[in-house]
Amino acid sequence: MVTTKTNKKRKTIHFNFGEEHKEYIRQCRFNTFNILEGAVRSGKTVDNVFAFAHDLKTAPDRIHLATGSTIANAKLNIGDANGFGLEYIFRGQCRWGKYKDNEALFIKGPSTNGQLRIVIFAGGAKADSYKKIRGNSYGMWIATEINLHHDNTIKEAFNRQLAAKKRKIYWDLNPEHPKAPIYVKYLDVYQKKAAEGTLLGGYNYRHFNIFQNINIPKERLDEIISQYEPGSIWYIRDIDGKRSIAEGLIYVRLATAIAANADTFFMPKAEVQKLLKKGEITEITVGVDFGGNGSGHAFVATAKTVRYDSLIVLKSRRYVEGEPDPDNPNRKLYDIDPDMLASLFLRFVQSIITDYGFVSKVYADSAEQVLMRGLHTKLKSNGLGNIRVVNALKSKITGRIFAAIMLAAQTRLFYTEDCESWREAISMAVWNPKSLEMERLDDGSSDIDTLDAFEYTYERDIKKYTRG
């Protein structure tokens with residue numbers, strides 16, 4: 001039998017929560033999934049530890065789980081937490097020990113009404129970390145930096161909770177790559193299901209920036225902020241706590257403005273239409289990149305202004321097998337055969353003509369001649385045979401990249417509100433960290449299809465844009 005000290009706590013912990021934090025903690029009582037995401041030093045972990053500890057007092061299950069990227073991380077951030085962790089909350093009623101060869105905190109005392117609670121501590125970052133948490137059934141699970149956990153650990157922890165009498169999850173994380181697995185496989189899925197009312201148990205999600213942590217003195221806050229360049233991608237991620245890529249970004253200025261919701265490169269459709277009426281737009285071209293084997297079919301339309309002063313991205317669409325139609329989210333796209341692809345292309349071209357009056361030319365991936373002929377046939381059969389579909393030049397990728405970077409640096413590259421897939425692609429494009437050459441990473445983690453289609457629209461005119 002495990003025995004623990006049951007002395008009364010001799011020290012009061014001075015918790016001090018802001019109103020947003022208090023509301024999150026209150027909602028933890030009613031929800032299975034409790035997720036905190038945001039800036040460093042925003043108080044996420046302490047909130048979850050406090051709520052988890054409160055639930056431990058009356059939890060019907062005996063064994064619970066606490067994980068971090070490593071066991072040391074879990075013990076430091078959940079067990080200790082700078083004096084706000086479980087071992088302080090249950091001071092005099094707990095002790096560290098071993099349970100089935102796992103590090104564990106044993107809790108038993110007035111706070112648990114004399115009932116034993118065992119919290120197993122484990123690391124979760126390695127592919128085989130899940131083996132350490134096998135063999136037990138857990139009631140609640142608290143994880144810090146869940147984005148650093150291996151997917152094997154996450155799946156195993158969920159499996160270990162199947163028999164829980166009161167299943168609850170507490171996760172915290174700093175912002176990540178917008179398409180990181182923790183979002184794609186879990187958080188975005190939960191958010192969507194919660195919005196639809198199909199996620200059983202309830203979803204309690206909050207996002208905090210550093211300014212919402214009322215425990216950081218103004219002097220220290222100013223000191224922390226002074227280390228960052230205001231408006232930089234690092235500031236956006238570490239201070240504002242927004243999802244973004246900070247390492248290896250290709251289009252830094254564009255991605256930073258997009259992440260900050262700044263209007264630096266944004267040009268409303270109405271403004272573009274005014275330029276058309278003034279005769280300021282000389283050409284509208286469409287770029288097409290054909291997908292397959294997991295990639296998507298991408299269409300991008302751009303407009304050139306007189307004297308090649310500016311390049312404006314008018315519209316972008318990406319169609320992926322099995323995913324929703326971007327123009328009709330309630331309809332998923334299956335069996336995108338050549339005829340369906342041609343129909344999607346026609347719809348795209350017609351929308352450009354409706355909004356802007358004309359399309360000058362289409363540049364498509366020359367590797368797919370059959371598909372190219374299908375696009376032209378579809379245009380011709382719908383009275384648009386005057387629009388030529390020709391081979392993209394497919395010039396050196398770095399040259400295309402540097403041209404776009406230069407245009408952005410000179411604030412000569414703009415986009416409209418119809419460019420969601422383009423904004424996402426630009427924001428996520430990174431250099432390949434494993435290559436000694438300057439090479440764009442193309443491993444499926446970002447949308448290269450849209451970038452290629454975009455670049456096909458201007459690559460033949462790079463010298464005209466860059467001269468002088």
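These are my notebook entries on what I looked up in this structure, which is a predicted model.

**Entry 1. Overall make-up**

I began with the secondary structure and found 16 helices and 16 strands in the protein. I then took the extent of the C-alpha trace, which spans about 85 × 50 × 40 Å along its principal axes. Of the 468 residues, 52% are buried. I also looked at the contacts with a sequence separation of 6 or more, and 67% of them join residues 24 or more positions apart.

**Entry 2. Nonpolar cores**

I asked which residues touch the most other members of the largest nonpolar core. They are Val-288 and Phe-345, in a core of 37 residues. I listed the elements that give two or more residues to this core: helix 10 (269–277), strand 9 (281–289), strand 10 (297–305), strand 11 (311–319), helix 11 (338–356), strand 14 (361–364) and helix 12 (369–381). Helix 11 provides the largest share, ten residues.

I followed Phe-345 further. Leaving aside residues up to four places away in sequence, Phe-345 touches Val-286, Val-288, Phe-299, Val-362, Leu-375 and Leu-379. Apart from this core I noted another, of 31 residues, which includes Phe-265, Val-313, Ala-403 and Ala-425. As general background, nonpolar side chains in soluble globular proteins tend to be buried together.

**Entry 3. Helix 1**

I checked which residues of helix 1 (residues 19–28) are buried, and recorded His-21, Tyr-24, Ile-25 and Cys-28. These residues lie on the same side of helix 1, because they cover an arc of only 95° around the axis. I then looked for their partners. The buried residues of helix 1 pack against strand 1 (33–38), helix 2 (44–56), strand 7 (168–173) and strand 8 (203–208).

**Entry 4. The second largest pocket**

Helix 2 came up again when I turned to the second largest pocket, where helix 2 and helix 3 (71–80) each supply at least two residues of the lining. Helix 2 gives the most, with four residues. I recorded a volume of about 720 Å³ for this pocket. Its lining has 29 residues, and the closest to the centre are Arg-41, Gly-43, Thr-45, Val-46 and Asn-82.

**Entry 5. Salt bridges**

I counted 30 salt bridges and examined three of them individually.

The side chains of Arg-318 and Asp-447 form a salt bridge, with 3.0 Å from N to O. Arg-318 belongs to strand 11 and Asp-447 to the loop between helix 14 (420–428) and helix 15 (448–456), so this pair ties together parts that are 129 residues apart in sequence. Arg-318 is partly exposed, at 24% relative accessibility, whereas Asp-447 is buried, at 7%.

Arg-347 and Asp-325 form another salt bridge, their closest N and O atoms being 2.9 Å apart. Here Arg-347 is in helix 11 and Asp-325 in strand 12 (residues 324–325), so the pair ties together parts that are 22 residues apart in sequence. I read a relative accessible area of 30% for Arg-347, which is partly exposed. Asp-325 is buried, at 1% relative accessibility. I found that both residues also belong to a network of salt bridges that links Arg-317, Asp-325, Asp-327, Arg-331 and Arg-347.

In the salt bridge of Lys-464 with Asp-461, the closest N and O atoms are 3.7 Å apart. Lys-464 is partly exposed, with a relative accessible area of 36%. Asp-461 counts as buried, at 10% relative accessibility.

**Entry 6. Positive phi values**

Phi of Asn-113 is near 55°, and phi of Tyr-308 is near 55°. Asn-113 sits in the loop between strand 4 (102–107) and strand 5 (117–123), while Tyr-308 sits in the loop between strand 10 and strand 11.

Is each of these residues buried or exposed? Asn-113 has a relative accessible area of 65%, so Asn-113 is exposed, the cut-off being over 50%. Tyr-308 has 17% relative accessibility and therefore counts as buried, the cut-off being under 20%.

Definitions and conventions:
Residues are numbered from 1 along each chain as its sequence is written. This is a predicted model: local features need pLDDT of at least 70, side-chain atom pairs count only at pLDDT 80 or more; totals for chains, interfaces and linings use all residues. Side-chain values use heavy atoms; hydrogens and water are left out. A nonpolar core is a set of buried Ala, Val, Leu, Ile, Met, Phe, Trp, Tyr and Cys residues joined through side-chain atoms within 4.5 Å. Buried means under 20% relative accessible area, exposed over 50%, partly exposed in between (1.4 Å probe, protein chains only). Contact means heavy atoms within 4.5 Å. The arc is that of the directions from the helix axis to the C-beta atoms. A salt bridge is a side-chain nitrogen of Lys or Arg within 4 Å of a carboxyl oxygen of Asp or Glu. On a 1 Å grid over the protein atoms alone, a cavity is a set of points where a 1.4 Å probe fits but cannot get out, and a pocket is an open set with protein on both sides within 12 Å along at least five of seven lines; lining residues have an atom within 4 Å of a point. Grid points are joined across faces, edges and corners, and a volume is the space filled by probe spheres set on the points.
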